[in-house]
Amino acid sequence: MHFYGNIKVKAEGDRAVRRASRDVTNVLTADVAVMEEVRVFPLTCAVQNYAWGKNGLDSEVAKLVIGGDPLAVVEDGKPYAELWMGAHPKGDAQIKDNRIAQTTLGQWIAHFPACLGSKVKDTFQGQLPFLFKVLSVNTALSIQAHPNRELAARLHAQFPEHYPDNNHKPEMAIALTRFQGLCGFRPVEEILGFLKCVPEFRALVGNEAAEELRCSVGDAARTSQALKKCFTRMMNCEKKVFVDQLNMLVKRVTEEGAAGKDTSSSNGDLLLRLHSQYPGDIGCFSIYFLNHVVLDPGQAMFLGANEPHAYLYGDCIECMACSDNTVRAGLTPKYIDVNTLCGMLNYSPSSASSKIFPCVQDASDPCVSLYDPPVPDFTVMRIQVPPSVKQYTVAPVDSASILLVIEGDATATSVAALSDVTLRRGTVLFISANESVSLHITSPSGMNMFRACCLL
């Protein structure tokens, strides 16, 4: 009797275990179904506190963080340099939806790669191909360039500690406030003008290389070679030599300014600003080679592979291929790789105005301006909904996209969200491929948003 009782107990126990196991499986299956069904959701994004960023609430990054999450804490004296919206391992966004097991965007995409859209999924091996950012720049970023795919793979294989990715990193900056940067080599006439008017600059380049550049005018191939020689000579100057020349130049420009003289022929204002931020840095002389580009809000510049550049001041939206590879050579305390930089650069002179990248009106939606660069990895849309429009549909595209609200309030509904999402300044929304989102706009001033996607 006792023996049979044990068998009965065991049988009931097995049934209970099977039932519990079935329940767990059902819950997990339901969870996966919900996770797969919820294809539009808000994100909490990573903040990078690099030293060059604007401090506290002077920073657009910090303002957007507080806007998106009123409980977030912003410290006054702390720099808020970059907001990373994407799935890069250094700053993978957190999913802000309690129906989805607390996971990152990168993990979610790995589980549900169909969210990328079939073309994007196949072309980019199941990875989100872009990284979307907001930058708030207080002091200059380094003189830098980003390698093309071949060089990126080689640098990553040789020096993985300095070049963490094997991918290229074309990027685009779109000004949110008046934004200043250095970008591309100036027209040769301007560089020759500085070589004539700034003896301290000429001393670093040397008379022979300067003369070669002067004689190359009119022959594009010779100009490119001569420019490379001039820039490489300067960047490889002995430290004592360039520090002495820089000190002489700063002293001269300061004295001329104090005497009420015009110092523009020495690019005096910019020189003194950069020298105050990075005293004794060879990068201060780069202002005589590179265009000083000023963008008004909404204007953009595209930085292809091997384009020398440095951001100087202001707030911008930035979108790039998903990479963190940068070759630096000045205006930085970070690793400097002068030979790689000088060897890789695009030495094609052009005007500052040619560096402004045009946006085009979307033919199918008057609210959308397209910034569509000559690379497949990303496109940025600026969506400006006027105050008169209260219902607006964020149209489906055949790509995963990330939407950032800069201004305005709305309630967002989507069959792929399963419930309403409140949009306000600083909200970041992930939208799976081929999903539309309907906005009921509640702010009196309309809405201003940016959306990154991949239009193959």
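The questions and answers below concern a predicted model of one protein chain.

Reader: How many helices and strands are there in the protein chain?
Author: The C-alpha atoms of the chain, taken along the principal axes, fill a box of roughly 105 × 60 × 45 Å. Within the protein chain, the elements counted are 12 helices and 25 strands.

Reader: What percentage of the residues in the protein chain is buried?
Author: Among contacts between residues at least 6 apart in sequence, 77% join residues at least 24 apart. A residue counts as buried when its relative accessible area is under 20%. Of the 456 residues in the protein chain, the buried share is 53%.

Reader: Over residues 204–290, what percentage of the chain is helix?
Author: The UniProt record, an unreviewed entry, places the feature "domain: Phosphomannose isomerase type I helical insertion" at these residues, 204–290.

Reader: Are helices H8 and H9 roughly parallel or roughly antiparallel to each other?
Author: Helix H8 covers residues 207–215 and helix H9 covers residues 220–235, and the two pack with their axes 9 Å apart at an angle of about 160°. Angles over 145 degrees count as roughly antiparallel. H8 and H9 are therefore roughly antiparallel.

Reader: How do the residues of the contact of H8 with H9 divide into nonpolar, polar and charged?
Author: On the H8 side, the residues that meet H9 are Glu208, Ala209, Ala210, Glu212, Leu213 and Cys215, while H9 brings Arg222, Thr223, Ala226, Leu227, Lys229, Cys230 and Arg233. By class, the residues of this contact are seven nonpolar, one polar and five charged.

Reader: Which residues in H8 meet helix H6?
Author: Helix H6, residues 188–197, packs with H8 at an angle of about 145°, with the axes 10 Å apart, and the crossing of H6 and H8 is left-handed. From H6, the residues taking part are Val188, Ile191, Leu192 and Leu195, and those they meet in H8 are Ala210, Leu213 and Arg214.

Reader: For residues 370–411, what percentage of the span is strand?
Author: UniProt lists this span, in an unreviewed entry, for "domain: Phosphomannose isomerase type I C-terminal". The end C-alpha atoms of residues 370–411 lie 24 Å apart in the model, and the span is 0% helix, with a strand content of 52%.

Reader: Is serine 443 buried or exposed?
Author: Serine 443 is found in the loop between strand E24, residues 437–441, and strand E25. Leaving aside neighbours within four places in sequence, serine 443 is in contact with Lys390, Gly408 and Asp409. Because its relative accessibility is 5%, serine 443 counts as buried.

Reader: What is the relative accessible area of leucine 456?
Author: Leucine 456 lies in the segment after strand E25, which spans residues 447–453. With neighbours within four places in sequence left aside, leucine 456 is in contact with Lys119, Val120, Thr123, Phe124 and Pro376. Leucine 456 is partly exposed, and its relative accessible area is 42%.

Reader: How far apart in space are leucine 456 and serine 388, C-alpha to C-alpha?
Author: Along the sequence, leucine 456 and serine 388 are 68 residues apart. In space, the distance between leucine 456 and serine 388, taken C-alpha to C-alpha, is 33 Å.

How values were computed: Residues are numbered from 1 along each chain as its sequence is written. This is a predicted model: local features need pLDDT of at least 70, side-chain atom pairs count only at pLDDT 80 or more; totals for chains, interfaces and linings use all residues. Side-chain values use heavy atoms; hydrogens and water are left out. Axes are lines fitted to C-alpha atoms, for helices over the stretch in contact, and angles run from 0 to 180 degrees between N-to-C directions. Helices (H or I, at least four residues) and strands (E, at least two) are DSSP runs, numbered from the N terminus. Angles under 35 degrees count as roughly parallel, over 145 as roughly antiparallel, 65 to 115 as roughly perpendicular and the rest as oblique. Contact means heavy atoms within 4.5 Å. Ala, Val, Leu, Ile, Met, Phe, Trp, Tyr, Cys and Pro count as nonpolar, Asp, Glu, Lys and Arg as charged, and the others, Gly among them, as polar. UniProt positions are given in the numbering used here, feature names are shortened, and annotations may be inferred rather than shown by experiment. A crossing is left-handed if the near helix is turned anticlockwise from the far one by less than a right angle, and right-handed if clockwise. Buried means under 20% relative accessible area, exposed over 50%, partly exposed in between (1.4 Å probe, protein chains only).
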